[in-house]
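The sequence and the structure come first.

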Amino acid sequence: MNIRALTRRTLLACASASALLVATAPTAYAQNKTVLRISSPAVPDDWHAKMWTVFKDTLDKSAPGQFDVQINLNASLFKQGAEPAAMARGNLELASISAFDIAKLVPEFSIFTAGYVIRDPQHQQKVFNGPIGETLFKTVSDKMEVTVLGTAYLGTRQLTLREPRQVKTPDDLKGLKLRMPGSKEWLFLGNALGATATPLAFGEVYLGLKTGTIDAQDNPLTTVRAAKFYEVTQQVVLTQHLVDCLFIAMSNKSWNALNPTQKQAVQAAAQAAVKFNNDNRIKEEAQIMDFFKQQGLKVTTPDVAAFRKAVHEAYAKSDLAQTWPAGLLDRINNTH
Ligand code: KDO
């Protein structure tokens, strides 16, 4: 064999050996980590922003060197509500998405956008971690190309008002410009409460309240504190109209590219993030009223039964309720 042929053979052997190495090398030794980009409109101080650091730290420990988790808050990567489409296109790996985001593509999911359906955080976990969640998340995966990895309690939504007002029943909210996030399901909820719902992105709420382009907003009180909305509102009205949540979702493209061990690690990291968020938020919610009082806000309790009745009636005769599978509302109500 001449020297040229020998060199060619050696080169080929080296090339196939390194190809084999690349194909079989544990990801820990690979040059390229799997990049997991996360996008959220949350402010850094909110629990569902901090939970992503728990996700990252947990994953870095359980699968060292395999993932590069990149957390983007304040809607700096994708604007609020644009995350599901970005994940479906493969431009984003992870996000926390709401029932409202899902309802746009899976209409029956609007049952979870309705006020006064989920009773409390425990009820929420039971519904989504049981057979109801299992069936619905399968549909979500088929229609939205995302896999739900966990349900994080976002808190119980209340109203905060720019100017004090006597609020007992939905009639007392007549003419109030209530900011809601921008989708027809959100606006329906705001109007069902008796107010005039106005769409606005989360990032613009503080200024909207400050300048008076809106009169009120609705959010869990933990978020009202983290986003400093208490600085530009004078009253908290404890309507308790929505026990809200966010679903940790991963694009199917990224999820399906993981090996079984990695899937387990990512799932466990999502669970750790959910637990961190839920524990802290529930604890904070239980003691947060004092904070608002200290800040000089008036905290008032309306006739919640009157709000519940009006909201239930509005949904019962709505187009949204037409999409709810027969018996689902009863199954949710009967989940204990
Ligand atoms: C909001 O815009 O009021 C909302 O609370 C809606 C949620 O679905 C979620 O998008 C949340 O904002 C953001 O994560 C900011 O906290």
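## Crossing of α2 and α11

Helices α2 and α11 cross in a right-handed sense (left-handed if the near helix is turned anticlockwise from the far one by less than a right angle, right-handed if clockwise). The model is a predicted one, in which local features need pLDDT of at least 70, side-chain atom pairs count only at pLDDT 80 or more, and totals for chains, interfaces and linings use all residues. Residues are numbered from 1 along each chain as its sequence is written, and side-chain values use heavy atoms, with hydrogens and water left out.

The angle between α2 (residues 47–62) and α11 (residues 260–294) is about 145°, and their axes lie 8 Å apart. Axes are lines fitted to C-alpha atoms, for helices over the stretch in contact, and angles run from 0 to 180 degrees between N-to-C directions. Helices are DSSP runs (H or I, at least four residues), numbered from the N terminus.

## Contact residues

On the α2 side, the contact (heavy atoms within 4.5 Å) includes Trp47, Met51 and Phe55; among their counterparts in α11 are Ala269, Phe276 and Arg281.

## Helix α2

The 16 residues of α2 should span 22 Å at 1.5 Å a residue, and the end C-alpha atoms are 22 Å apart, so the two values agree. The expected span is 1.5 Å times one less than the number of residues.

## Val304

Val304 belongs to helix α12 (residues 304–316). Val304 counts as buried because its relative accessibility is 13%. Leaving aside residues up to four places away in sequence, Val304 touches Tyr116, Leu238, Thr239 and Gln240.

Conventions:
Helices (H or I, at least four residues) and strands (E, at least two) are DSSP runs, numbered from the N terminus. Buried means under 20% relative accessible area, exposed over 50%, partly exposed in between (1.4 Å probe, protein chains only).
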